[in-house]
Every structure is written in structure tokens, then in C-alpha cells.
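Hello,

Here is the structure I promised to pass on to you. Have a look at it first, and then read on for what turned up.

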Amino acid sequence: MRPRIKSDDVESAICERIRAAVSAGDLPPGTKLPEETIAESFATKRFFVRAAFQRLAFENLVDLQKNRGAFVAWPGVKEARDVFEARRAIERVTTEIVTRTILTYQIGVLWRQVRDQELNWNRGNRKLAISGISGFHLSLAALAHNEALTAALEQLILRTSLILGVYGTPRAFATMPEQYRLLMELIESGQSLLAARQIERCLFVLEAELDFYPPPRRDVDLKRIIETVG
């Protein structure tokens, strides 16, 4: 007899693949997610795909529309503002904690992330640069050792990926390397209050450069993205 596939395993795999594709900017907001395409990619039943969509809808990453199907969520302007406000509130606290408790080798790891992000941007690899920004913020917050705050921030960063997919422009990232270098200098020197203010400034600068006139939606090769995203 063939071993029975656990539904949680299949659903989790689908969710993780879609989250990764959203985070990387490969699945822009408004992209339709046909059940049959994803079921075929995972060699599973559409029942498991629907269950995964329910999970992602609970996370506000997928919009389930009656008689139309599932779509990558399209955040509105107010939601975009709310997400950045919530991130500033969380990251102000976590950054202050981290600056007071961080170890020397951890500072080195964060510096490497900042430099890699800047290098990717200078090479024109916008996707990797944006992904690097998300990774840096998560790594920094995780050093506060508060799982509740880190989990909340992780969801907000995924929402930010959708927001950037709708409203992001190249100029939104042009000044970011300078902002992150200043942040790291404050963390390295142990200036916790100033570092907390600087992480807020990083997010203010990014938000201020968003273009709230939505661009036209673009078509994507969903099957290729789902099967190749890492």
C-alpha cells in the first residue's frame, strides 16, 4: 500500500512556496492562483490546495473571491500605511532591546547582510536587494528573543512585500543603504534609543517613497514560479 500523505505536510508546503514567491516579488498582488495549476505542481488533490488557501487567507496574503477563486491579496493605501505604522511600533522596541544585548559576532552577521544588500542593489539585482532588506529586519528582530514580536513582524514583512509589489518604485530603495549603515553604527556603539529612532526612520524613508497610484497588473507564469521558487 502507498503511504498516506499527511494533509498538514502538503498544505504547509503549498503555503511556504506561495509565501516565498510573494516575499521574492515573483507573485505580484492580484495574481490569480488556480487550484488545478497548484495541485498539479504539487502532485496533490485540490482539496489540499483549498485548505492551504484558507490558511493564507487567514494571514491576509490571499483573497478568496466567491465564484472567482483565489488571488494574491492587493493591499489598499490605508492598509499600507497601517502596516508601516505597526512595523515601526514593533521594530522600535526590538531594536532598542537588541542594541543593549547584542554580541560582537552578531553585529558582524548584521553588517554582512547590510553590505550584501547594498552590493545587490549596486549590481542592479533589485529582487535580491529587497529580499535582503526583509531578511535583515527579521534577523535584527529575532535577536530580541521575543517570539511573539518576531512572529508578528514576520507577517507584517510579508504584507510589506505585497505593498512593495503594488506601490514600490526604484527610488524607494535608492537611499536605503545609507540609512542601514547609520543604523548599524548606532547599534555597534550601543546607542539604543538613537538606534530605535533610526529603525523608525528607515521605515519612514521607505514609506515616503511609495507611489500610491497603482501600476497595471502584469501576467506571470504561475506554474514556473511555484515549481522553481526557493
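Predicted model: local features only at pLDDT ≥ 70, side-chain atom pairs only at ≥ 80, totals over all residues.

V109 belongs to helix 5, which covers residues 104-122. Together with L103 and Y105, V109 makes up a nonpolar surface patch. The accessible area of these three residues together is about 300 Å².

Next, the loop that links helix 1 (7-23) to helix 2 (35-41), where you will find T31. T31 has a relative accessibility of 8% and is therefore buried, the cut-off being under 20%. Its side chain comes to 2.7 Å from the backbone oxygen of P28.

A24 sits in the loop between helix 1 and helix 2 as well, but with 23% relative accessibility A24 is partly exposed.

Finally, helix 3 runs over residues 46-58, 13 residues in total. From first C-alpha to last, helix 3 spans 19 Å, close to the expected 18 Å. Its buried residues are F48, V49, A51, A52, F53 and L56. In general, an α-helix has 3.6 residues a turn, so residues three or four places apart point the same way. Just past the end of helix 3, N60 adopts a positive phi of about 65°.

Enjoy exploring!

Best wishes

Methods:
Residues numbered from 1 in each chain as written. Heavy atoms only, no water. Patch = residues over 30% accessible without salt bridge, like charges linked within 9 Å, V, L, I, M, F, W, Y side chains within 5 Å. Areas by Shrake-Rupley, 256 points an atom, 1.4 Å probe, with all protein chains shown as cover. Salt bridge = Lys/Arg side-chain N within 4 Å of Asp/Glu carboxyl O. Helix = DSSP H or I, 4+ residues; strand = E, 2+ residues; numbered from the N terminus. Expected span 1.5 Å × (residues − 1). Buried < 20%, exposed > 50% of the residue type's maximum accessible area, 1.4 Å probe, protein only. Polar contact = N/O pair within 3.5 Å; in protein donor to acceptor, adjacent residues only side chain to side chain.
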